[in-house]
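Keep the structure open while you read. The text moves from one contact to the next, and each stop can be checked on screen.

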Amino acid sequence: MIRLVVPITALALTAGAGAADLRALVAAASPGDIIRVPAGVHPGTVVIDKPLTLLAEPGAIIDAGGAGDAVRVTAPNVTIRGFTIRNTGDSLDRENAGVNATGAPGAVIEHNVFTDVLFGVYLRESPGSAVRFNVIGGKALDLARRGDGVRLWQSDDCLIERNTIHDGRDAVMWFSDRTRIVANTVTRGRYGLHFMYSDDNVLEDNTLSHNSVGAFLMYSKNLTLRRNRFVSNRGPSGFGVGLKDVDGLLAEDNLFAANRVGVQVDNSPSAVDVRHLYRRNVFAYNDQGVALMPSVRRNDFTGNAFVDNAEQVAVLGGGDLSDNRFTVAGRGNFWSDYAGFDRDADGIGDLPYRADSLFESLLARDSRLRLFLYSPVQQAVEAAARVAPVVRPRPLLTDDAPLMSPPRLPGVVLARGPAPAVSAVAAGAGLLALGLGIFGAMLPVPERRLREAAT
Amino acid sequence: MTAMRRQAEPVRRDDAWPVSPRLLTTLALKELRDALSNKWVLLFTIAFAALALGLAALARASAGMTGFAGFGRTAASLVNLVLLLTPLMALSVGATCIVTERERGMLGYLLAQPVSRTEVFLAKYIGLALAMTAAVAVGFGVSAIAMSGAGDGALFLRLAALSALLAWAMLAVGVLVSVVLRRTGSAVGVAVFIWLTLALLADVGIIGAALTTRLRTVTIFSLTLVNPLQAFKMASLAGFGAGLDVLGPAGVWATTEFGRRLPILLYASLLAWIVLPLLAAWVAFRRRPL
């Protein structure tokens with residue numbers, strides 16, 4: 001069970017105004033005490049070696065002074081709430097962190113603001129902990145020299161909830177099972193979420209945008225992805241979700257939009273008796289909606305929407321999609337490029353959807369030809385395949401029961417991106433004025449004015 | 001008094017240099033007025049604006065579907081539209097401009113006036129380039145207003161400017177055709193063939209070669225860069241913020257290989273397509289007998 005409630009003890013210590021630093025308060029406290037920490041800058045590293053509850057008064061700051069950790073926790077059942085924690089060292093070897101908890105089960109780190117920290121919250125062998133409602137901002141370093149916003153190491157049964165993590169490296173779970181990751185926002189990092197050898201984890205309602213990769217799930221079992229939004233993850237790999245040797249996956253009601261690749265699947269599932277299910281997800285405006293390695297098998301897609309991806313489904317390096325199903329129990333997916341009809345109005349198209357784009361099959365043979373995307377030659381190649389079916393490739397996939405309308409995603413309201421309507425109207429009006437002005441100059445000049453100009 | 005003196009001047013020699021700005025302006029404005037009577041320009045403007053409006057409507061419909069406005073995608077379709085229409089119109093207008101007047105004897109009449117060939121040539125190009133600019137500006141103006149829900153003004157201005165560059169380049173090629181060839185019919189034919197080559201055949205050739213002979217990436221990219229239509233496309237895509245990464249491995253290669261110099265390279269290709277054909281056309285126009 002995850003411990004969320006702060007135990008109340010009889011004694012509450014409150015330091016006097018401008019009192020000595022937090023380290024003295026901790027040293028004076030008995031296990032189980034609640035300490036109200038006054039406003040002011042408290043120098044770190046603060047070591048908490050007994051079960052304590054630290055409640056920050058507004059304006060309480062823990063400052064590591066640019067070296068080492070800000071807070072180190074070595075006892076169980078410690079709660080740290082409401083601080084601004086800042087200015088850790090930047091040593092990746094020593095893994096300098098805002099809160100570094102080692103052997104501290106039941107830690108609760110909540111409502112804190114971390115700024116200029118290498119690692120944010122680092123939980124080592126601290127099962128049953130909670131990291132909630134924090135804002136964690138990393139150091140302004142190269143991606144390679146940053147630390148992780150949140151890192152779990154052998155800490156099972158943790159809750160990571162409603163944090164905002166930005167400009168870090170990853171939020172990463174190492175060897176940590178049954179983690180619940182709920183309603184977090186991770187932006188401008190390397191891998192928004194990163195699982196390594198962590199089983200039975202649940203990701204719900206998270207927003208992962210503008211990272212190199214939204215969530216990279218590796219060597220883990222039984223994962224659930226539900227109602228997450230993976231948007232504009234376009235780094236060097238640029239996946240909304242990357243799967244590597246994952247066994248056991250349910251992905252439902254997620255949005256994958258404007259990523260380089262919506263979901264990239266490598267050897268997942270790897271076990272022959274496991275099938276993965278993707279249902280009611282929306283893959284929209286990605287360069288590739290779903291990209292599978294040639295040997296990938298046993299993935300089922302039903303009730304998803306594939307909307308205007310440059311390639312809806314791609315097999316990297318060519319090959320077919322045998323034993324990956326796009327129709328499950330008589331229900332297929334919605335395809336924005338489906339050209340069929342639904343005469344009996346049962347919501348399912350009467351003709352199968354076939355992905356047999358000649359241009360895409362050329363792309364699969366030589367991916368460098370993507371250079372010719374968005375130019376007329378693309379449509380010309382498709383038209384040629386339509387006119388001369390002999391050059392038509394074998395269909396990459398067939399959906400026998402394509403849906404006529406896309407699934408509704410509960411609660412997905414996306415920002416429209418940078419949409420300064422005023423500037424567009426102004427630009428349009430300016431251009432119109434310029435164009436019409438020139439056209440106006442073309443109008444025949446009255447005879448009288450010509451004569452005047454001549455004299 | 002001044003008018004008297006000017007009349008007393010000898011007829012200007014053909015290779016007179018520098019050109020008179022005043023004369024150039026007058027002639028260019030005359031060319032602009034003539035362009036209005038050229039139904040091609042008007043037709044193109046209307047067609048471009050109508051198609052851009054259609055695109056805007058489509059973009060709105062699909063934005064409503066998922067609540068996600070794919071402006072980059074709409075802009076990309078707009079690029080595609082520009083790629084087909086702008087060169088076609090610039091080439092055909094350019095290709096007819098001199099050869100028609102020569103056939104009708106109007107050119108001889110004009111050159112009998114105290115104007116140099118250089119002035120007539122430059123005025124023709126500038127006047128027509130202004131007309132193209134107007135057509136592009138109206139087209140983009142209409143679509144910018146129509147797409148204002150999802151658009152970014154700076155992006156539209158950039159696209160419009162790039163399209164104007166492309167139009168000027170294709171106009172220069174058209175003028176070259178017009179200077180070199182003797183008959184309007186053949187000039188139009190050659191112009192359409194050039195359009196087809198740049199829009200389709202060149203790319204089909206590169207794709208075919210890449211698939212059959214495993215061309216090196218640098219070769220594929222260079223051959224593509226030389227095509228002004230592809231240079232335009234890459235320059236406008238690079239403006240959408242993501243570099244050329246949307247164009248796959250070859251685009252990523254170019255982005256990492258050239259870095260900040262990539263836009264310069266793309267613009268240089270477009271500028272070369274304006275300057276070189278124009279220079280060749282100018283030389284030919286001055287040398288050729290009427």
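Start with two charged residues in chain A. Asp148(A) and Arg169(A) are both buried. Their side chains meet in a salt bridge, 2.8 Å from N to O. Keep in mind that this is a predicted model, and that the distances come from its computed coordinates.

Where do Asp148(A) and Arg169(A) sit in the chain? Asp148(A) is in the loop between strand E15 (135-138) and strand E16 (150-153) of chain A. Arg169(A) is in the loop between strand E18 (164-166) and strand E19 (171-174) of chain A. The two residues are 21 residues apart, and the pair links distant parts of the chain.

A second bridge joins the side chains of Arg325(A) and Asp300(A), at 2.9 Å from N to O. Arg325(A) lies in the loop between strand E37 (311-315) and strand E38 (334-335) of chain A, while Asp300(A) lies in strand E35 (residues 299-302), so the pair ties together parts that are 25 residues apart in sequence. Buried or partly exposed? The cut-off for buried is under 20% relative accessible area.

The side chains of Glu31(B) and Lys30(B) meet at 3.8 Å, N to O. Glu31(B) is buried, with a relative accessible area of 7%. Lys30(B) has 24% relative accessibility and counts as partly exposed.

Some salt bridges join up. Arg180(A), Glu204(A), Arg226(A), Glu252(A), Asp253(A), Arg279(A) and Arg280(A) are linked in a network. Over all chains the count comes to 35 salt bridges.

Now turn to the rings. Over all chains there are 24 aromatic pairs. Tyr278(A) and Phe301(A) form one that is stacked, with 4.6 Å from centre to centre and 10° between the planes. Tyr278(A) lies in strand E32 (residues 276-279) of chain A and Phe301(A) in strand E35 of chain A, so this pair ties together parts that are 23 residues apart in sequence. Tyr278(A) is buried at 1% relative accessibility. Phe301(A) is buried too, at 0%.

Next come Phe326(A) and Trp335(A). Their ring centres are 6.0 Å apart and their planes stand at 50°, so the pair is tilted. Both residues are buried.

The strands of chain A come next. Strand E9 (residues 84-86) and strand E12 (residues 113-117) pair in the parallel sense over three bridges. Ile85(A) stands opposite Phe114(A) in E12(A). E12(A) is in turn joined to E15(A) by three bridges, and these strands also run parallel. Here Phe114(A) stands opposite Ile136(A) in E15(A).

Strand E22 (residues 191-196) pairs with E25(A) in the parallel sense over five bridges. In that pairing, Ala215(A) is the bridge partner of Leu193(A). E25(A) also pairs with strand E28 (residues 239-244), again parallel, over four bridges. Leu217(A) stands opposite Leu243(A) in E28(A).

The largest nonpolar core has 108 residues. Those with the most contacts inside it are Phe140(B), Met170(B), Leu171(B), Val175(B) and Leu247(B). A second, separate core has 74 residues, including Leu25(A), Val78(A), Leu292(A) and Tyr353(A).

Which residues does Met170(B) touch, leaving aside its neighbours within four places in sequence? Met170(B) is in contact with Pro87(B), Ala90(B), Leu91(B), Leu198(B), Pro228(B), Leu229(B) and Trp273(B).

One check remains, on the cysteines. The structure holds zero disulfides over all chains. Cys158(A) is buried, with a relative accessible area of 0%. Cys97(B) is buried as well, at 10%.

Conventions: Residues numbered from 1 in each chain as written. Chains lettered and ligands numbered in written order. Predicted model: local features only at pLDDT ≥ 70, side-chain atom pairs only at ≥ 80, totals over all residues. Heavy atoms only, no water. Core = buried A, V, L, I, M, F, W, Y, C linked by side-chain atoms within 4.5 Å. Buried < 20%, exposed > 50% of the residue type's maximum accessible area, 1.4 Å probe, protein only. Contact = heavy atoms within 4.5 Å. Disulfide = S-S within 2.5 Å. Salt bridge = Lys/Arg side-chain N within 4 Å of Asp/Glu carboxyl O. Pairing = 2+ DSSP bridges. Phe/Tyr/Trp six-rings, centres within 6.5 Å; stacked < 30°, edge-to-face > 60°.
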